[in-house]
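Please walk through this protein model with an eye on its charged side chains.

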Amino acid sequence: MANPVILSVDDDPAVSRAVVRDLRRRYGDRYRVARANTGPEALREINVACDAGLGAGAPVTDPACG
């Protein structure tokens with residue numbers, strides 16, 4: 001079975017890359033780590049994961065995304 005997804009959502013590309021790097025380092029052996037820059041992009045990523053039967057392990061979001 002494929003690994004579930006941890007999805008990082010942040011509108012700041014530098015922050016997003018850093019968060020994804022750290023998540024992959026810590027959880028990359030058990031989860032596929034993906035990122036999105038907007039809410040709609042995040043929903044698309046979640047739909048893709050669900051359609052592939054992966055499910056979303058955990059969303060990691062920036063509550064101040066503009």
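**Salt bridges and their surroundings**

Asp22 and Arg25 join their side chains in a salt bridge, at 3.8 Å from N to O. The term stands for a side-chain nitrogen of Lys or Arg within 4 Å of a carboxyl oxygen of Asp or Glu. Both residues belong to helix α1, three residues apart, about one turn of the helix. Helices (H or I, at least four residues) and strands (E, at least two) are DSSP runs, numbered from the N terminus.

This is a predicted model: local features need pLDDT of at least 70, side-chain atom pairs count only at pLDDT 80 or more, and totals for chains, interfaces and linings use all residues. Residues are numbered from 1 along each chain as its sequence is written, and side-chain values use heavy atoms, with hydrogens and water left out.

Asp22 has another partner. Arg21 forms a salt bridge with Asp22, with the closest N and O atoms 3.3 Å apart. How exposed are its members? Arg25 is exposed, with a relative accessible area of 62%. Asp22 is partly exposed at 40%, and Arg21 is partly exposed at 44%. Here buried means under 20% relative accessible area, exposed over 50%, and partly exposed in between (1.4 Å probe, protein chains only).

The structure holds three salt bridges. One of them pairs the side chains of Arg30 and Asp29, at 3.6 Å from N to O. Asp29 sits in the loop between α1 and β2. Its relative accessible area is 60%, so Asp29 counts as exposed. Arg30 is partly exposed, at 41%. Asp29 also lies 8.5 Å from Asn3, C-alpha to C-alpha, although the two are 26 residues apart in sequence.

Now the aromatic side chains. One aromatic pair turns up in a search of the whole structure. The ring centres of Tyr27 and Tyr31 are 6.3 Å apart and the planes meet at 85 degrees, so the pair is edge-to-face. Rings of Phe, Tyr and Trp (its six-membered ring) pair if their centres lie within 6.5 Å; planes under 30 degrees apart count as stacked, over 60 as edge-to-face and the rest as tilted. Tyr27 is partly exposed at 29%, and Tyr31 is partly exposed at 27%.

Last, the whole chain. Two helices and three strands make up its secondary structure. Along the sequence they follow the pattern β-α-β-α-β. Of the 66 residues, 23% are buried.
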